Amino acid sequence: MFGSRPIGAAGRVCTLALTLLAMTSGARAERRDGYFARLTAAVHAGLDQVIAARPPTLVPPVPVRVTWKPVRIGSLELGAPLVAMTAGDLDGDGGAELYVVTTREVIAVGLVGGKPKELGRVAFTGDPAAQRPRDAVGTALIVERELVAASSTWTQELRVSWNGKQLVGTAGDPGFLVCPGERLGLVPGRDHFGDLATSVYGVRCRADLVDKVGVPLRVRATLAGTKLAITVEKCRGAACTPAGGHEYKDYGAAFEIADLDRDGTPEVIVTGAGAPGDPDAVKVITLGKDEKKGLYRKSFTGGVAAVAVADGSVVAAVRLLGATRVDLWRLN
């Protein structure tokens with residue numbers, strides 16, 4: 001039934017299915033549903049065998065040279081405390097935008113020409129949270145062409161997208177979307193997830209990276225207390241197998257995962273575990289390499305409220321304690 005050309009085999013499977021369907025048009029009604037169910041299962045099984053016989057072509061990453069040259073690219077008056085930040089090309093113009101989440105709204109920031117430019121704002125809607133932690137927290141996750149943002153000051157998340165040139169938002173579900181398909185809730189009155197025994201301050205997931213030969217990677221980083229635990233899996237189709245684990249201590253809630261030099265080995269971008277507003281630093285560590293030496297380190301006189309990766313560049317938002325204005329730094 002299956003020849004040496006899988007695509008042709010798939011076509012023959014579908015042709016056979018259609019022929020059999022036509023031949024059974026006069027079957028008795030009470031037998032038809034069961035027959036169709038068995039036939040559908042057989043067709044799906046055949047197609048699964050065809051797909052398995054032709055695994056996807058691996059595309060190795062193309063390494064790029066990273067030059068570390070920190071530059072303060074500008075300041076933004078947010079009007080409220082920053083609680084999360086991410087980057088992605090949601091407007092489809094070919095370049096990533098920053099999406100800054102505050103306790104009030106989501107702000108889109110363009111980086112064309114190297115200078116930040118505010119593109120639009122969308123306010124949270126719904127009911128304010130009855131219980132709020134003293135220090136507000138939030139999450140920002142891009143799922144396909146939509147930003148899912150949440151703040152501890154509101155009961156519902158905010159889903160943000162572009163309608164032409166206009167930034168629009170709609171109320172979403174309760175809780176905090178930390179990874180695709182994974183939603184967490186804050187411990188009542190606290191600034192962390194999990195429970196009182198295991199305080200989870202942040203989660204990052206990446207499923208768009210590959211190793212040096214092109215095998216897809218799935219990376220998850222979880223900050224519990226000040227310990228950052230990172231797991232890496234290699235995936236072939238829907239099957240993923242463990243490919244290493246890493247632990248780092250004494251780092252803060254602003255962190256990110258990326259493959260900055262595109263060599264197939266991800267980096268973790270971390271910040272200090274000091275109090276908000278204290279002098280801080282951004283450190284870049286290649287997974288599996290010397291943590292103390294690191295790949296790069298940049299110190300700041302203010303606290304690093306958030307980090308994001310936009311088009312391969314690390315962007316840090318730095319602020320003084322209690323300030324709603326942030327300085328944006330591009331590090332490479």
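The place of Asp250 is the loop between strand S16 (239-249) and strand S17 (256-258), where strands (E, at least two residues) and helices (H or I, at least four residues) are DSSP runs numbered from the N terminus. The model is a predicted one, in which local features need pLDDT of at least 70, side-chain atom pairs count only at pLDDT 80 or more, and totals for chains, interfaces and linings use all residues. Residues are numbered from 1 along each chain as its sequence is written, and side-chain values use heavy atoms, with hydrogens and water left out. Phi of Asp250 is near 65 degrees, a positive value in a residue other than glycine. Asp250 counts as exposed at 55% relative accessibility; exposed means over 50% relative accessible area, buried under 20%, and partly exposed in between (1.4 Å probe, protein chains only).

A positive phi also occurs at Glu144, with a value of about 60 degrees, although Glu144 is not a glycine. Most residues other than glycine have a negative phi. Glu144 lies in the loop between S6 and strand S7 (146-151) and is exposed, with a relative accessible area of 74%.

The secondary structure of the protein comprises 2 helices and 23 strands. Of the 332 residues, 41% are buried. Among contacts (heavy atoms within 4.5 Å) with a separation of 6 or more, 46% are made by residues 24 or more positions apart.

The largest nonpolar core contains 19 residues, and the members that touch the most others are Leu78, Leu82, Met85, Leu98, Val100, Val326 and Leu328. A nonpolar core is a set of buried Ala, Val, Leu, Ile, Met, Phe, Trp, Tyr and Cys residues joined through side-chain atoms within 4.5 Å. Two or more residues of this core come from each of strands S1 (71-77), S2 (82-88), S3 (97-102), S4 (105-110), S21 (303-310), S22 (313-319) and S23 (325-330). In soluble globular proteins, nonpolar side chains tend to be buried together. Leaving aside neighbours within four places in sequence, Met85 is in contact with Leu98, Tyr99, Val100, Ala140, Ala306, Val307, Ala308, Val315 and Ala317.

An open sheet of 4 strands has the order S2-S3-S4-S5, with antiparallel pairing; two strands pair if DSSP finds at least two bridges between them. S2 and strand S5 (117-123) stand at the edges, and each has a single partner strand, so one side of each lacks a neighbour in the sheet. The twist from one strand to the next averages 20 degrees, where axes are lines fitted to C-alpha atoms, for helices over the stretch in contact, and angles run from 0 to 180 degrees between N-to-C directions. S3 and S4 run antiparallel and are joined by 4 bridges, with Leu98 opposite Val109 in S4.

Another open sheet, also of 4 strands with antiparallel pairing, has the order S6-S7-S8-S9. Its edges are strand S6 (138-143) and strand S9 (166-174); each has a single partner strand, so one side of each is left without a neighbour in the sheet. Neighbouring strands of this sheet are turned by 25 degrees against each other on average, direction ignored. Strand S8 (residues 156-163) pairs with S9 in the antiparallel sense over 7 bridges, and Ser161 stands opposite Val168 in S9.

Antiparallel pairing over 8 bridges is found between strand S14 (residues 216-224) and strand S15 (residues 227-236), with Ile230 in S15 as the bridge partner of Ala221. These two strands, S14 and S15, form a hairpin with 2 residues between them, and Gly225 in the turn has a positive phi of about 65 degrees. S15 in turn pairs with S16 in the antiparallel sense over 9 bridges; the bridge partner of Lys234 is Thr241 in S16. The hairpin of S15 and S16 likewise has 2 residues between the strands, and Gly237 takes a positive phi near 70 degrees.

Asn332 is found in the segment after S23 and is buried, with a relative accessible area of 18%. The side chain of Asn332 reaches the backbone oxygen of Gly312 at 3.1 Å. Beyond neighbours within four places in sequence, Asn332 is in contact with Val66, Thr67, Trp68, Lys69, Gly312, Ser313 and Val314.

Technical notes: A polar contact is a pair of N or O atoms within 3.5 Å; within protein, one must be able to donate a hydrogen and the other to accept it, and residues adjacent in sequence count only if both atoms are side-chain atoms.
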